[in-house]
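Me: I would like to learn how to read side-chain packing in a model like the one below. Could you take me through a few features, giving the general idea before the particular case?

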Amino acid sequence: MTSLRRLPSNLQQLVGDALERIEPRPRHEDIGIITAVGNGVARVRGLHRVAAESLVAMPGGILGIALDLDEDELGVILLGDDARLSAGQEVRALGRLVDTPVGEGLLGRVLDASGTARDGQGAITADTRWPVEREAPPIMARAPVETPLQTGLKAVDALVPIGRGQRELIVGDRQTGKTAIAIASLVNQADTDVINVYCAVGQRGTAVARVIDDLRDAGVMDRTVVMVAAGEDPPGLQYITPYAAMTVAEYFRDKGRDVLLVLDDLTRHARAYRELSLLLRRPPGREAYPGDIFYVHSRLLERATHLRDSHGGGSVTALPIVETQAEDISAYIPTNLISITDGQIYLSPRLFRKGLMPAVDVGRSVSRVGGKTQLPAYRVVAGDLRLAYSQFEELETFSRFATRLDEETRQQIIRGRRVREILKQGRLRTLSVPEQIITLQAANLGLFDTVDVDAVQDLADYLRQHAPPQLNDLPERMAAGKKLEAEDWDQLESVLREQADQWRSTGEAD
């Protein structure tokens, strides 16, 4: 009051009135203390009001997630480098669950699950932030999978078709081309309305950079979101990254758009969760994996679906990748994921070593719902192709031990070897629907049977280049999913035979 008396009388009145109007508003903050830190995990005492999977802030701007709520302390997984943290430092609750940025501003960008840009192009512009853990859509909100998702790969689109809203596992040993199939599928969406989301978990930086370069070269990076948790990142960041990528995909799905999500790969994701569980002193469970690893992946993949029109009509197609060892598809993590997904594309190291790429093992690959979405033209040309190709592989194995083969078996082996040859495709060399139909129908007609195996690709390339101009609007109707009549197939057969004869008289002679 003494200081107020020194002011002029009019100012004394104003200041006095202002002080009377002040209402103290105490603010409650949850503050805890770090008791131990290391290996990407911190133990925190206090924070009694914090809920599971809530964000907490630590010194240096490092975020953490409260994962274990013990009676006396919290187990917090860190999303940043723990080298700057030490026991005794304060931890503050942020009052929200772990979330990630979503929005149109993410397209064309590379970021991590927390929203930090990884491409050196400035801060991420996001419409809002959504929780990384969200409930899967209820059954009544889901619609049947009816629209195909073309990968541009003959071995997949014809024999193991995928539909929009499906979950198709890509499984195989290391270095068998799993990521190549997934990236080809992303690249093939260049002329569609599908949004791409590529999620890399535990990958080397050079491998992720190569993927980004492929997407840029193909012209699809501007409609792709790349979310990264590198192998050197904390296990906590690797753990939440697939959920954050799914949340980004759900943002576009809820706006009625179709999204293709690649999760590369869930083997490393399982290892990161195992590491966190052991550091948090949870029971290790079977084969040193936590007993709830099935739930970890199922609650992620159950979010991929096709919604009814009344709920927006969008879809998320998930292509999770998992790595096997020594072709053991019955191991713990692969069998978990096979039971969760709607089918699997199995890549065989034996076929890969033979140079048959993509190395899809047709006999061990299956799509449980994709066949219903397949374009009508595929059903005609690929109807018996899968069975015949599987039978050929068995016949080829047995023929090694036979001294003499009957003519029917010999012709079956000749046809099968040429079908196997036309199923080869170079890395990221995707084909349109008409190009695939032309090639497969030529194989069904036996146009490759009298051609040397080494010349099969030359004839196939010739047919794909010269046949479409002779077919009028037939290629457009194939791509649009129109049902072709008998006269259409007769026209296609006539053109293919004519072009094959022309190739024999010109190209083969050369």
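Me: Which residues form one aromatic cluster?

Reply: Bear in mind throughout that this is a predicted model. The aromatic cluster is formed by Trp130, Tyr251 and Phe252.

Me: How many aromatic pairs are there by the ring-centre rule, and why is the pair of tryptophan 130 and tyrosine 251 edge-to-face?

Reply: The idea is to look at the distance between ring centres and then at the angle between planes, where over 60 degrees counts as edge-to-face. The count comes to 4 aromatic pairs. In the pair of tryptophan 130 and tyrosine 251, the centres are 5.5 Å apart and the planes stand at 65°, so the pair is edge-to-face. Because tryptophan 130 belongs to strand E9 (residues 128-131) and tyrosine 251 to helix H6 (residues 235-253), the pair ties together parts that are 121 residues apart in sequence.

Me: Are tryptophan 130 and tyrosine 251 buried or exposed?

Reply: The cut-off for burial is under 20% relative accessible area. Tryptophan 130, at 19% relative accessibility, counts as buried, and tyrosine 251, with a relative accessible area of 7%, is buried as well.

Me: Which residues touch the most other members of the largest nonpolar core?

Reply: In soluble globular proteins, nonpolar side chains tend to be buried together. Here the largest nonpolar core has 74 residues, and those touching the most other members are Leu215, Phe448 and Leu496. If neighbours within four places in sequence are left aside, the contacts of leucine 215 are Ile183, Leu186, Val187, Val220, Met221, Thr224 and Val226. There is also a second, separate core of 59 residues, with Leu79, Trp130, Ile195 and Met227 among its members.

Me: Which residues of H5 are buried, and why can they be said to line one face of the helix?

Reply: An α-helix has 3.6 residues a turn, so residues three or four places apart point the same way. In H5 the buried residues are Ala207, Val208, Val211, Ile212, Asp214 and Leu215. Viewed down the axis of H5, they fall within an arc of 155°, so they line one face of the helix. On the other side of H5, Thr206 and Asp217 are exposed.

Me: Which elements do the buried residues of H5 pack against?

Reply: Their partners are strand E8 (110-111), helix H4 (178-187), strand E11 (195-201) and strand E12 (224-229). Just after H5, glycine 219 adopts a positive phi of about 80°.

Methods
Residues are numbered from 1 along each chain as its sequence is written. This is a predicted model: local features need pLDDT of at least 70, side-chain atom pairs count only at pLDDT 80 or more; totals for chains, interfaces and linings use all residues. Side-chain values use heavy atoms; hydrogens and water are left out. Rings of Phe, Tyr and Trp (its six-membered ring) pair if their centres lie within 6.5 Å; planes under 30 degrees apart count as stacked, over 60 as edge-to-face and the rest as tilted. Helices (H or I, at least four residues) and strands (E, at least two) are DSSP runs, numbered from the N terminus. Buried means under 20% relative accessible area, exposed over 50%, partly exposed in between (1.4 Å probe, protein chains only). A nonpolar core is a set of buried Ala, Val, Leu, Ile, Met, Phe, Trp, Tyr and Cys residues joined through side-chain atoms within 4.5 Å. Contact means heavy atoms within 4.5 Å. The arc is that of the directions from the helix axis to the C-beta atoms.
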